[in-house]
Amino acid sequence: MLNIENHIAVKKKFNVEEVRKDFPILKRLVNGKPLVYLDNAATTQKPQTVIDSLNHYYNYDNANIHRGLYFLSEIATESYENARLKIKEFINAISSSEVVFVRGATEAINLVSNSFYMGKYFNDGDEIIISAMEHHSNIVPWQLIQNRMDLKIKVIPMNDAGELDIEAYEKLISPKTKLVSVVYISNSLGTVNPVKKIIEIAHKNNVPVLLDGAQAVPHLKIDVQDLDCDFLVFSGHKVFGPTGIGVLYGKTEFLEMMPPYQGGGDMIRTVSFEKTTFDDLPHKFEAGTPNIAGGIGFAAAIDYLNQFDRDELTGYEKILLDYATEKLLQIDGLKIIGTAKDKASVISFVIEGIHPYDIGTIIDTDGIAIRTGHHCTQPVMARFNVPATARASFSFYNTKEEIDKLVAGLNKVKKMFA
Ligand code: PMP
């Protein structure tokens, strides 16, 4: 048996040049130049092992799951359910029945909001608290509920560095507060929010907390029991896995209480025209044929990450963040939006007199991929009074040389606009 100490001992030493060889896309040329991929907050690249797992599934094991009593269906079911188990361990959930497969973070939040509504968890006049730096996917689903009932959305303000005002947050909580739903790491500012504190304050007031972990899971080791969050949502494609698969983690007590928000096959125990009874957790929330290959690919991504000491990866990303911050600030007229003390490797910036779209388009000619726009956080753009930003977001397969290329590209843009 592999004990924990052995497990730690077999961790692979991180070496960026070796790691880059695992990601085939990093070898490709774009516009005749080696790809410099700095849009990891939008989606991450996939290691060969993830790509191979998808190929293997479709080449050898493809069958529908849970219903077949034949060889292939049993193998496919086992692989899919093993993936759930792997994710349970990855986030340290108590049970794999707390891991609900969904399309991604967006669908997970819609599942909670709709199920809460359908289960009459909210009464007219109730309140939820979100923050000023939420992704649209943690704003709009709640507004859709607001269209159906009197639900008040309160917003935790942030300072000019892009840090949440925790004192203001405490004052927002009232006897009518039914949920706090906040982002762990902001995708447009890079801020790492003090979520343990946020959860502690909410729980003192008997209010559950949903964490949007879409940007946190790729960068930090996550332990849902230690965090004590009631829900955590994240997407496979931002954690080196496939698109179309994600997770809603929920504490059993909540998932048990919540009604399913979609009905169909695979989520029932018995159906008659008079009455349907639902399957146990987590299947109650997984109507229809799921993304089987996606789940298997996600598990392969977790296997890939588990080779490394996650803290070592996070430490390397911090070196990239500090290096890039220093170099970017040397560019005349460049301003970083989001200067929180605790940041992940995401840098949003604007350059005086140059529209972010022009920045993105011009550096693309040198094979450098960054994101420009509002990053699905229009309220953040409004708060900082900018129409859009350019955003470079780094993963552990990026290098200082790539950051130098970004800086050279930006200097080229500046010359063109001089
Ligand atoms: N929350 C955050 C903080 C995000 O960055 C994103 C993706 N940009 C989402 C939610 C939504 O993720 P998805 O589109 O994969 O559902």
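Which Phe and Tyr residues form one aromatic cluster? Phe14, Phe23, Phe240, Tyr304, Phe308, Tyr316, Phe396 and Tyr397 form it. The model shown in these views is predicted, so that local features need pLDDT of at least 70 and side-chain atom pairs count only at pLDDT 80 or more, whereas totals for chains, interfaces and linings use all residues. Residues are numbered from 1 along each chain as its sequence is written, and side-chain values use heavy atoms, with hydrogens and water left out.

**View 1. The aromatic pair of phenylalanine 14 and tyrosine 316.** Across the whole structure 21 aromatic pairs are found, where rings of Phe, Tyr and Trp (its six-membered ring) pair if their centres lie within 6.5 Å, and planes under 30 degrees apart count as stacked, over 60 as edge-to-face and the rest as tilted. Phenylalanine 14 and tyrosine 316 make a tilted pair, at 4.8 Å centre to centre and with 50 degrees between the planes. Phenylalanine 14 belongs to the loop between helix H1 (4-9) and helix H2 (16-21), tyrosine 316 to helix H12 (residues 310-329), and the pair thus links parts of the chain 302 residues apart; helices (H or I, at least four residues) and strands (E, at least two) are DSSP runs, numbered from the N terminus. Phenylalanine 14 has a relative accessible area of 13% and tyrosine 316 one of 15%, and each is therefore buried (under 20% relative accessible area, with exposed over 50% and partly exposed in between; 1.4 Å probe, protein chains only).

**View 2. The aromatic pair of phenylalanine 23 and tyrosine 304.** The ring centres of phenylalanine 23 and tyrosine 304 are 5.5 Å apart and the planes stand at 85 degrees, so this pair is edge-to-face. Because phenylalanine 23 lies in the loop between H2 and strand E1 (29-30) and tyrosine 304 in helix H11 (residues 292-306), the pair ties together parts 281 residues apart in sequence. Phenylalanine 23 is buried at 0% relative accessibility, and tyrosine 304 is likewise buried, at 4%.

**View 3. Charges over aromatic rings.** Lysine 178 lies over the face of tyrosine 121, at 4.9 Å from the ring centre, and arginine 383 over the face of phenylalanine 384, at 5.3 Å from the ring centre. A charge sits over a ring if NZ of Lys or CZ of Arg is within 6 Å of the ring centre and within 35 degrees of the ring normal.
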